[in-house]
Amino acid sequence: MKGLRIISTGSARPAKAVTNDDLAKIVDTSDDWIYPRTGIHSRYLCGEGETTSTLAIQAAKEAMERSGLGPDDISALICATTSPDHVAPNVACQIQRALDMPETIPVLDVNAACTGFIYALETARGFLAMQSEEEAADRPRYALVVGAEHLSKMLDFTDRTTCVLFGDGAGAAVVELAEDVPYASMLGARGGDEISCEGPGPVPAKIQMDGKAVFRFATGALTKCVDILLTKSGRTMDDIDQVICHQANERIVDFCIRKLKAPETKFFKNMDHYGNTGAASVALALDEAMCGNAVKPGDSLLLVGFGAGLTWAGVLITVK
Ligand code: COA
């Protein structure tokens with residue numbers, strides 16, 4: 001099977017970090033309530049002039065600069081988001097214009113909520129793999145995949161059960177289609193409205209959630225997805241260097257670690273300073289892991305997402 005390899009990553013976040021104590025000034029909550037239940041201390045929230053597309057463009061530029069590739073080397077551009085600036089043009093086309101990407105490539109947004117970045121990677125792999133041998137000879141097999149969200153515009157800051165959980169940001173990766181890489185994937189969904197958001201329409205969009213039901217779904221989905229990816233690839237946890245999963249809630253990740261009897265150090269976490277950034281979450285965590293010591297060239301990673309839809313998905317992928 002032709003799989004993806006990660007060439008480079010990038011990320012972007014709004015200028016303003018908002019702590020739990022800051023939120024406690026506008027809604028009846030506290031760090032003592034939020035942190036033990038979620039692992040979140042602060043999150044970045046968009047201010048004036050910051051939107052999904054501005055963050056997406058910044059993250060995409062950084063990933064492209066670090067890849068050493070030019071715009072003409074990209075054969076597919078996919079952006080995962082649930083919070084585009086507007087219905088049209090999509091965020092991917094806004095990135096295309098800003099980065100001067102070619103006109104003859106597929107450019108589209110994917111909405112699979114917090115699982116979006118994984119769905120976007122697989123969409124990109126599909127487009128790259130679809131090229132005929134003749135096309136592939138003329139065309140590079142690289143894709144730019146972005147996850148970006150401005151979730152705070154869809155939050156009700158009078159609802160303490162949701163507004164403390166989410167944040168804004170963007171992450172991006174340049175990936176390559178290759179034959180000689182270990183790769184496995186699974187994509188899934190279970191139609192359900194346990195997390196929902198009205199719109200687009202005249203009523204302001206507001207994220208709503210049945211927290212307990214989502215918690216049950218998320219713990220099951222994350223654990224099952226890791227199991228499926230290991231089984232599909234014929235690997236064990238010993239072969240995996242890092243699991244980079246959706247950063248919704250530290251307790252969800254810890255549940256999975258206990259259930260799989262996996263070493264805690266293999267599960268990357270950065271929700272303490274980002275909160276849940278939806279489709280950006282896995283991409284942001286991947287970039288932070290790549291920039292720090294957590295991930296090094298040649299590492300095997302499991303990237304796993306879960307979220308509204310209810311969607312869940314994962315890939316086993318290697319870093320160049
Ligand atoms: N600050 C203070 N109190 C809060 C609060 C907040 N931010 N949010 C809720 N509460 C209160 C509730 O009003 C309730 O009070 P009551 O007992 O007087 O009615 C109490 O805390 C318990 O609320 P509950 O909703 O039962 O809490 P919980 O233990 O289920 O924890 C979550 C809530 C959201 C942390 C938890 O359900 C969760 O993590 N769910 C998964 C959410 C998620 O990750 N979603 C995204 C997946 S992509």
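I sorted the residues of the shell around the ligand by type and got nine nonpolar, seven polar and four charged. The model is a predicted one. I listed 20 residues around the ligand, and the closest are Thr29, Arg160, Gly211, Lys212 and Asn249.

Next I looked up where the shell comes from. Domain 1 (2–179) and domain 2 (184–319) each provide at least three residues of it. By element, α7 (160–163), α8 (211–233), α9 (250–260) and β12 (300–307) each supply at least two. The largest share, four residues, is from α8.

A polar side-chain atom of Lys212 is 2.6 Å from a ligand oxygen. At Gly211 a backbone N or O atom lies 2.9 Å from a ligand nitrogen. For Trp33, I noted 3.2 Å between a side-chain N or O atom and an oxygen of the ligand. On its own the ligand has 960 Å² of accessible area, and the protein covers 71% of that.

Last, I turned to the core. The largest nonpolar core has 46 residues, and those with the most contacts inside it include Leu222, Val226, Phe267 and Phe306. Elements giving two or more residues to this core are β8 (184–192), α8, β11 (242–245), α9, β12 and β13 (309–319). I recorded α8 as the element that gives the most, with nine residues. Why do I place this core between domain 1 and domain 2? Both domains give residues to it, so it lies between them.

Terms used. Residues numbered from 1 in each chain as written. Predicted model: local features only at pLDDT ≥ 70, side-chain atom pairs only at ≥ 80, totals over all residues. Heavy atoms only, no water. Near = heavy atom within 4 Å. Polar contact = N/O pair within 3.5 Å; in protein donor to acceptor, adjacent residues only side chain to side chain. Areas by Shrake-Rupley, 256 points an atom, 1.4 Å probe, with all protein chains shown as cover. Nonpolar A, V, L, I, M, F, W, Y, C, P; charged D, E, K, R; others polar. Domains from an automatic or database assignment. Core = buried A, V, L, I, M, F, W, Y, C linked by side-chain atoms within 4.5 Å. Buried < 20%, exposed > 50% of the residue type's maximum accessible area, 1.4 Å probe, protein only.
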